[in-house]
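Here is a short tour of one protein model, written to be read with the structure open beside you. Take a moment to orient the view, and then follow along.

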Amino acid sequence: MRYADGGGLTSAGRQRRETVRMQAAELFERRVKPSEVAQRLRVSVKSAYQWHQWWRDGGVQALASRGPSGSRCRLSPRYLAKLAGYLEEGPAAHGWVEDQVWTASRVATLIGRKFHVSYSVSGATRLLHRLGFSPQVPARRVAERDEQVVTVWREVTWAEVKGPGRPAGTTSASRTRQASTVGRPGDRPGVSAE
């Protein structure tokens with residue numbers, strides 16, 4: 001899934017939230033209690049109390065949107081577009097021929113080579129997420145896998161290792177009581193086992 005602005009809200013989403021906070025400020029000015037504001041605007045009581053605190057400390061401007069959260073990206077939008085293009089080309093096009101997997105470490109190295117900007121592995125991970133890439137686990141089997149050996153192991157060795165299960169007649173299907181004694185004459189009280 002692609003997230004706008006580094007995994008946060010889009011500008012339209014930020015604008016919607018700011019509008020709600022401004023409505024809350026108007027209600028605070030009319031001396032409406034935060035719990036009532038929360039109910040009217042359908043927000044959490046915790047948010048309403050937080051907004052009320054900000055409003056008391058800084059007025060309406062304290063409730064204004066501050067823009068996208070998070071640290072500022074060190075790559076320009078043009079470089080981000082170029083990086084996305086490089087990633088689409090695949091790792092082999094940039095010197096990693098042993099497999100077709102982008103790792104965060106490889107992406108950090110690629111950024112250093114192409115843009116002369118240093119990124120940590122965790123920073124590269126966050127940048128990949130910002131670009132809309134998500135971690136993927138490759139579905140592959142070991143190259144040396146011998147299906148015949150695996151089949152023999154399952155049929156012979158596993159059967160020996162696993163051992164027998166529970167005997168069929170000694171368990172009860174009821175969660176609340178033991179198996180019923182009805183129908184088993186030797187188990188009833190007063191009946192002797194002869």
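## Overall make-up

Helices here are DSSP runs of H or I with at least four residues, strands are runs of E with at least two, and both are numbered from the N terminus. This is a predicted model, in which local features need pLDDT of at least 70 and side-chain atom pairs count only at pLDDT 80 or more, while totals for chains, interfaces and linings use all residues. Residues are numbered from 1 along each chain as its sequence is written, and side-chain values use heavy atoms, with hydrogens and water left out.

Of the 194 residues, 23% count as buried (buried is under 20% relative accessible area, exposed over 50%, partly exposed in between, with a 1.4 Å probe and protein chains only). Among contacts (heavy atoms within 4.5 Å) between residues at least 6 apart in sequence, 44% join residues at least 24 apart.

## Where α5 meets α6

Two packed helices are described by the angle between their axes and the distance between the axes. For helix α5 (residues 104-115) and helix α6 (residues 121-130), the axes come within 8 Å and cross at roughly 90 degrees. That makes α5 roughly perpendicular to α6. The axes are lines fitted to C-alpha atoms, for helices over the stretch in contact, with angles running from 0 to 180 degrees between N-to-C directions; under 35 degrees counts as roughly parallel, over 145 as roughly antiparallel, 65 to 115 as roughly perpendicular and the rest as oblique.

Which residues of α5 and α6 meet? From α5 come A104, S105, V107, A108 and I111, and from α6 come V121, A124, T125, L127 and L128. The residues of this contact divide into eight nonpolar, two polar and no charged (Ala, Val, Leu, Ile, Met, Phe, Trp, Tyr, Cys and Pro count as nonpolar, Asp, Glu, Lys and Arg as charged, and the others, Gly among them, as polar).

## Aromatic rings

A search of the whole structure finds five aromatic pairs. Rings of Phe, Tyr and Trp (its six-membered ring) pair if their centres lie within 6.5 Å; planes under 30 degrees apart are stacked, over 60 edge-to-face and the rest tilted. F28 and W55 form a tilted pair, 5.6 Å centre to centre with 45 degrees between the planes. Because F28 lies in helix α1 (residues 11-29) and W55 in helix α3 (residues 45-58), the pair ties together parts that are 27 residues apart in sequence. Both F28 and W55 are buried.

Elsewhere, Y79, Y86 and F115 form one aromatic cluster. Charges also sit over rings (NZ of Lys or CZ of Arg within 6 Å of the ring centre and within 35 degrees of the ring normal): K114 lies over the face of Y86, 5.0 Å from the ring centre, and R74 over the face of Y119, at 4.4 Å.

## Three loop residues

H94 is found in the loop between α4 (77-89) and α5. Is H94 buried or exposed? H94 is buried, with a relative accessible area of 10%. Beyond its neighbours within four places in sequence, H94 contacts Y86, E89, W102, L110, R113 and K114.

Most residues other than glycine have a negative phi. R31, in the loop between α1 and α2 (34-41), has a positive phi of about 65 degrees and is exposed at 78% relative accessible area. R42, in the loop between α2 and α3, has a positive phi of about 55 degrees and is exposed at 79%.
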